[in-house]
Amino acid sequence: MADKNVKDLGTVEQITEGLGSVGYISTQQISTALYIAQNLRKPILIEGPAGVGKTDLAQSTAKYTELPLIRLQCYEGLDEGKALYEWKYGKQLLYTQILKEKLHDILGDADSLSSSLDKLHDFDDLFFSEGFLEPRPLLTALRQKEGAVLLIDEIDKSDEEFEAFLLEILSEYQVTIPELGTVKSDVPPLVLLTSNNTREIGDALKRRCLHLYIGFPEEKRERQIVQARVPGISETLLAQLVSFVQQLREQDLKKLPSISETVDWARVLLLMHADKVEPELVRSTMNVLLKFETDIQSVDNKIVEMTKIANGERMRRSQQQ
Amino acid sequence: MDSTLTNLIKALRVADVPVSIGESIDALKTVAITGYDDRQFLKDSLATVMAKSEEEKATFNRLFDLYFSRTIDPNFIPDEEPGNGEPQSDEERAENLLQMIQSGDGTGLAMAMERAGQEVGVENIQFSTQTGYLARRMLDEMGLRQLEERMIALYRENTEDASTEAAELNEARSELLGQAREFVGRQFEVYGEAATERFLEDYLERSRLTDIGRHDMDRMRRLVSRMAKRLASKHSRRRKLKNRGTLDIRKTMRANAGYDGVPFETKWRQKKRDKAKVVAICDVSQSVANYSRFLLMLLYSLNEVIPEIRSFAFSARLLEISDDLESLDIDDAIKKILKEAGFGSTDYGQALSDLRVNSWDAIDRRTTVIMLGDGRSNYGDPRIDIMRELHDQAKRVIWLCPEYPTLWGTGDSEIPRFAPFCHLMRPCSTVKDLERVIDDILRSYE
């Protein structure tokens with residue numbers, strides 16, 4: 001199995017390092033999941049709150065392994081026509097319209113109905129051949145010669161039937177097209193599915209996948225991530241803003257700020273030439289972190305205290321050093 | 001399959017982490033890759049294979065740590081199948097035991113204990129009260145009985161030397177008993193605690209809500225929120241089901257008139273569905289004091305499940321509580337609501353007329369109204385006229401009453417007068433009842 005994988009991910013340490021080299025700060029859990037996925041040849045189902053880097057993991061993995069990333073965005077009503085393959089209906093119709101003119105030439109010398117049917121039979125295979133096949137993400141991924149990273153994004157948004165439809169692909173890495181036969185991948189793609197948990201994923205699918213939960217990062221890792229994403233930021237500001245966001249996550253909020261918000265906020269602060277986190281500054285940029293008016297109001301009176309802690313912690317640390 | 005892994009899987013299954021056979025095989029493959037040496041690596045790897053949600057991960061982490069917190073290296077166990085080799089005679093075992101005690105061989109004792117534990121089947125423990133019994137049986141397995149016999153014989157001899165030896169043996173014996181109890185206790189944490197918990201939950205689900213004490217509230221809350229989640233995942237899925245896949249011939253022909261009727265563009269039929277719209281009205285007065293905490297808990301969970309729900313609470317004046325349920329966490333919300341509306345004397349008439357005057361816009365043809373209360377209105381006018389109007393205007397009116405039907409109509413109960421204007425009037429006194437009723441309500445929207 002693993003030997004068929006052209007691109008080897010390497011050991012857990014190598015994965016962590018490799019992801020780091022393309023700007024993704026991994027954890028032990030994440031790297032282990034990738035390692036196991038490669039060795040058991042299983043897809044990974046990644047769950048966790050929005051904006052903690054689930055999709056990013058797939059992109060970074062693709063970058064690290066130098067494999068093409070093939071992405072399938074799920075939504076309500078997505079069906080195999082849009083996920084797997086479709087016949088180019090328009091092209092088929094167009095060709096029949098053109099051929100209509102030629103019909104007489106072809107059938108010209110046929111004298112009976114059965115002999116003209118025989119002649120027509122030679123055509124129908126033509127219309128259901130490669131030339132008229134429109135491969136969608138899943139089929140594309142299976143056909144990659146070198147293997148691929150297949151990202152099935154937000155699987156929870158799709159319908160239950162679609163989940164069932166995925167089962168064959170995810171366990172056998174093959175798919176059956178009635179007109180063409182079974183397509184089996186030479187090198188199984190590395191499949192990552194993400195879910196925001198808007199609905200419970202079916203057991204059958206869960207059983208076929210490895211499960212990885214990515215939660216909010218701890219302070220140290222978040223600092224590393226921001227540092228990697230916003231290179232120009234100063235040590236002091238970085239520590240303060242991350243500490244502030246960490247405190248914010250302990251509040252009762254409708255939507256907690258995730259890493260992507262922290263990164264955005266860091267960019268905003270950098271643009272504003274801030275050198276430390278101050279209450280006024282925080283207040284004016286709060287809408288970057290919190291997306292609900294009620295959330296913004298509810299933390300408003302705690303901002304001063306939280307900035308103090310964010311700054312204080314920094315001071316204590318520098319004193320220790 | 002090696003017993004370290006099978007026992008872990010067993011413990012997980014007991015604790016509500018359903019590890020399937022396929023997953024067990026994956027776990028075995030995983031262990032083949034990782035080995036038992038790097039504990040953290042093993043833990044992370046197995047977590048991806050066996051625990052498939054956030055809660056399951058938490059359970060897994062707890063059990064994994066417990067399971068591998070034994071005194072000895074678990075690497076020993078897989079190749080030490082119980083009953084391997086020549087079965088030892090009782091005397092031999094006692095001799096072994098004595099030797100280990102005298103030489104202070106801690107590892108040997110621990111291993112013997114593991115083996116005895118497997119022999120006795122400690123992993124089948126369900127209740128903590130079994131600890132003493134199982135510990136004793138394990139020690140018998142290890143040959144304690146013979147040891148005791150020897151001890152008694154020594155005491156009988158009644159010589160100085162014999163007494164000292166007997167006293168030593170006695171000390172070792174109580175030491176052993178303590179260790180065995182500890183061992184079984186640890187096993188209980190791994191295998192039994194979840195089973196006990198489930199037993200209690202089962203019991204709670206079936207017992208009358210009014211009988212549930214304060215100390216069970218935490219467990220109750222978990223139960224209710226799990227129920228709400230179950231209902232949500234069941235029904236949200238079905239609500240999304242659309243009627244896809246039939247060609248809308250009229251629309252298709254119209255769209256393709258420009259192409260000479262050749263259907264380049266196809267149009268498909270889609271069916272719209274009503275969304276569930278629920279108004280819940282909850283009695284929190286004195287007469288249902290025991291019950292209302294629980295009903296509010298239920299409302300709170302429903303609030304997370306049904307997208308369009310408006311909730312009201314009353315003793316006399318009707319108070320809209322949708323915002324409280326939305327913004328506060330469950331304890332604060334219940335406390336606040338009970339403080340503002342709770343424990344007064346009931347007046348259904350007042351509550352209904354408040355609804356009529358202030359919030360009538362919430363009721364339309366798509367609305368299901370759920371009344372939660374005992375219908376005891378202190379002999380005031382229950383305003384049956386408004387109830388009739390409600391019945392005519394709403395899609396369904398459902399009354400859930402905590403009292404048994406035999407009590408309906410006794411004293412100040414107005415239930416029989418309300419009943420004709422409800423599409424459904426049901427006694428509802430346990431969590432199981434509730435789940436069934438709400439399931440019904442949600443299904444009516446499909």
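Trainee: What should I know before starting?
Mentor: This is a predicted model, in which local features need pLDDT of at least 70, side-chain atom pairs count only at pLDDT 80 or more, and totals for chains, interfaces and linings use all residues. Residues are numbered from 1 along each chain as its sequence is written, while chains are lettered from A and ligands numbered from 1 in the order in which they are written.

Trainee: How many helices and strands does chain B have?
Mentor: Chain B has 19 helices and six strands. Helices (H or I, at least four residues) and strands (E, at least two) are DSSP runs, numbered from the N terminus.

Trainee: And what share of chain B is buried?
Mentor: Buried residues make up 36% of its 446 residues. A residue is buried if 20 or more other C-beta atoms lie within 10 Å of its own, exposed if 12 or fewer, and partly exposed in between, with C-beta atoms placed from the backbone.

Trainee: How many residues of chain B are in contact with chain A?
Mentor: On chain B, 26 residues are in contact with 26 residues of chain A. Two residues are in contact if their C-beta atoms, placed from the backbone, lie within 7 Å.

Trainee: Which helices of chain B supply that side?
Mentor: At least two residues each come from α2 (21-34), α3 (39-50), α4 (54-67) and α11 (217-240) of chain B. The residues on this side of chain B divide into six nonpolar, nine polar and eleven charged. Here Ala, Val, Leu, Ile, Met, Phe, Trp, Tyr, Cys and Pro count as nonpolar, Asp, Glu, Lys and Arg as charged, and the others, Gly among them, as polar.

Trainee: Changing topic, what domains are assigned to chain B?
Mentor: The assignment gives domain 1 (3-69), domain 2 (90-203), domain 3 (231-241 + 274-443) and domain 4 (243-272). Such bounds come from an automatic or database domain assignment.

Trainee: How many residues do domain 1 and domain 2 of chain B put into their contact?
Mentor: Domain 1 of chain B gives nine residues and domain 2 of chain B gives seven residues. On the domain 1 side, α1 (3-14) and α4 of chain B each supply at least two residues. The most comes from α1(B), with four residues. That side of domain 1 of chain B divides into six nonpolar, one polar and two charged residues.

Trainee: Which residues of α4(B) are buried?
Mentor: They are Glu56(B), Lys57(B), Phe60(B), Leu63(B) and Phe64(B). Seen down the axis of α4(B), these fall within an arc of 140 degrees, so they line one face of the helix. The arc is that of the directions from the helix axis to the C-beta atoms.

Trainee: What do they pack against, then?
Mentor: The buried residues of α4(B) pack against β9 (210-213) of chain A together with α1, α3 and α10 (160-206) of chain B. The face turned away from the buried side of α4(B) carries the exposed residues Glu55(B) and Asp65(B).

Trainee: Which members of the largest nonpolar core touch the most others?
Mentor: Of its 120 residues, those are Ile44(A), Leu192(A), Leu12(B), Met50(B) and Met138(B). The largest share of this core, nine residues, comes from α10(B). A nonpolar core is a set of buried Ala, Val, Leu, Ile, Met, Phe, Trp, Tyr and Cys residues joined through C-beta atoms within 7 Å.

Trainee: What is Leu12(B) in contact with?
Mentor: Leaving aside neighbours within four places in sequence, Leu12(B) is in contact with Val17(B), Val19(B), Met50(B), Phe60(B) and Leu63(B).

Trainee: Now chain A: is Ala37(A) buried or exposed?
Mentor: Ala37(A), in helix α2 of chain A, is buried, with 21 other C-beta atoms within 10 Å. Not counting residues up to four places away in sequence, Ala37(A) touches Lys42(A), Ile44(A), Leu190(A) and Leu210(A). The C-alpha atoms of Ala37(A) and Leu210(A) are 7.0 Å apart, although 173 residues separate the two along the chain.

Trainee: And what is the phi of Arg41(A)?
Mentor: Phi of Arg41(A) is near 55 degrees, a positive value in a residue other than glycine. Most residues other than glycine have a negative phi. Arg41(A) lies in the loop between α2 (28-40) and β1 (44-47) of chain A, and is partly exposed, with 16 other C-beta atoms within 10 Å.
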